[in-house]
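I opened the model today to look up a few residues. My notes are below the structure.

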Amino acid sequence: MLGMTVSGPKADLHRYLRSAREAMLWKLDGLSEYDVRRPMTPTGTNLLGLVKHLAGIEFGYFGDTFARPYHEPLAEYDFENDPTADMWTTAEQSREDIIEFYRRVWAHADATIDTLDLTAEGSVPWWNEDHRTVTLHQILVHVTTETHRHAGHADILRELIDGAAGMLNGNDNMAARDSTWWQQYRAELEKTAQQAAERR
């Protein structure tokens, strides 16, 4: 029926994957070129790098794994010299190019998901031989989990950059409180943490 959401194991997983993708891109909205690229952790985690990484993840898992190679070449990363090559963007790579590439990869991944049954088998060439053979079900769970994991990273990075927090555009899933309340809440947590430390 019109307006009803399709349900079932594949549709449910696909819906969760799509929501995580959109959450990732929402975390870039309104930020400067510097802020989307700046390293926010000691290991260099940054927002645009996470998007680039996830584009590569879907590119491989929903392409080569199921003998459905993507027609657009993926830049060869020199992981020998830079094991983090897919986790950051050069100054020459535009935000728009990374986002549009991610969206094109989505379309290819969605076609794979729509075309194949959950039981369809594939092979992940970069996994160990003893568990290289997989099903679409396994890969959907794997990629959905990975995307949500990085969306969680993005939540924290964005809040550290400018204080913006929330789950999805139009549904932030946050307690409806003003900035003063949040400051008081954080101060109370800090006080509690210090008290607990003093007792140990």
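This is a predicted model: local features need pLDDT of at least 70, side-chain atom pairs count only at pLDDT 80 or more; totals for chains, interfaces and linings use all residues.

Residues are numbered from 1 along each chain as its sequence is written, and side-chain values use heavy atoms, with hydrogens and water left out.

Entry on Thr89. I found Thr89 in the loop between helix H3 (47-61) and helix H4 (95-115); helices are DSSP runs of H or I, at least four residues, numbered from the N terminus. Thr89 is buried, at a relative accessible area of 9% (buried is under 20%, exposed over 50%, partly exposed in between, with a 1.4 Å probe and protein chains only). Leaving out residues up to four places away in sequence, I listed Arg37, Leu48, Lys52 and Ile98 as touching Thr89 (contact means heavy atoms within 4.5 Å).

Entry on Val51. I located Val51 in helix H3. Its relative accessible area is 0%, so Val51 counts as buried. With residues up to four places away in sequence not counted, Val51 touches Met24, Leu25, Leu28, Ile98 and Tyr102. I also looked up Ile99: its C-alpha atom is separated by 7.4 Å from that of Val51, and the two residues are 48 residues apart along the chain.

Entry on Trp181. I found Trp181 in helix H6, residues 179-199. Trp181 is partly exposed, with a relative accessible area of 31%.

Key:
Helices (H or I, at least four residues) and strands (E, at least two) are DSSP runs, numbered from the N terminus.
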